[in-house]
Amino acid sequence: MPVPPHVAALRAHVGHALLWLATARTVTIDDDGHVLLGRYPGLDTWTVPGGVIDPGEQPADAAVRECYEETGIIAVPEALTSVTVSGLITHDSGDLTRHLDITFRCRAVGGRPRPADGELQDARWHDADALPALPAYELRLLTQALHGDSQTAYTFSGVSGVLRSHWGVHHHEGGGPSEPEAE
């Protein structure tokens, strides 16, 4: 399903304005160590399967659902591997989105790769050591899932960066925050 109903309803109110959407992504691996990738129509690069999390849906459930909907592969989550923010995405429709991507490493337990719901043009297994062209962001998600340690990857600007950018507060190592800067 290309545009979930709740997103279409929001679009009716906000038009093409930027929407912040939570998505679940899967780096799915088969018993031979191959990685499942999909390709959208008109694009030369591949992507890890995933999509928008429905309201009230658990992220791991959404990852399994999206993997099956897009590729026909039944996957079981094994680890949460990253929580990241996508770059700005401009869709063919002109809609703008940024995604909170919640990525899971999954094990394939059934199905055969195929563009199941019509959203993808192609879905297939790839040798993890001979991957096709992937955008840098997709490659980071995949690399973290395949080769990262057991810790979930995330980006943190640091206490000083967060406090300064949101409240003008400077944090000093070994001490508490100082007063906000006068404007």
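Reader: Which elements each supply at least two residues of the lining of the largest pocket?

Author: In this predicted model, the largest pocket has a volume of about 1,200 Å³. Of the 42 residues lining this pocket, Tyr40, Ile89, His91, His99 and Glu119 are the closest to its centre. The elements that each give at least two lining residues are α1 (5–14), β1 (19–29), β2 (34–39), β3 (50–52), α2 (59–71), β5 (89–90), β6 (96–111) and α3 (136–147).

Reader: How many residues of the lining of the largest pocket are charged?

Author: Sorted by class, the lining has 15 nonpolar and 14 polar residues. The charged residues in the lining come to 13.

Reader: Which element gives the largest share of the largest nonpolar core?

Author: The largest nonpolar core has 12 residues, among them Ala24, Ala63, Ile102 and Phe104. Two or more residues of this core come from each of α2, β4 (73–85) and β6. The largest share, 4 residues, is that of β6.

Reader: What percentage of contacts between residues at least 6 apart in sequence join residues at least 24 apart?

Author: The chain has 4 helices and 7 strands, in the order α-β-β-β-α-β-β-β-β-α-α from the N terminus. Buried residues make up 36% of its 183 residues. Among contacts between residues at least 6 apart in sequence, the share joining residues at least 24 apart is 67%.

Methods. Residues are numbered from 1 along each chain as its sequence is written. This is a predicted model: local features need pLDDT of at least 70, side-chain atom pairs count only at pLDDT 80 or more; totals for chains, interfaces and linings use all residues. Side-chain values use heavy atoms; hydrogens and water are left out. On a 1 Å grid over the protein atoms alone, a cavity is a set of points where a 1.4 Å probe fits but cannot get out, and a pocket is an open set with protein on both sides within 12 Å along at least five of seven lines; lining residues have an atom within 4 Å of a point. Grid points are joined across faces, edges and corners, and a volume is the space filled by probe spheres set on the points. Ala, Val, Leu, Ile, Met, Phe, Trp, Tyr, Cys and Pro count as nonpolar, Asp, Glu, Lys and Arg as charged, and the others, Gly among them, as polar. A nonpolar core is a set of buried Ala, Val, Leu, Ile, Met, Phe, Trp, Tyr and Cys residues joined through side-chain atoms within 4.5 Å. Buried means under 20% relative accessible area, exposed over 50%, partly exposed in between (1.4 Å probe, protein chains only). Contact means heavy atoms within 4.5 Å.
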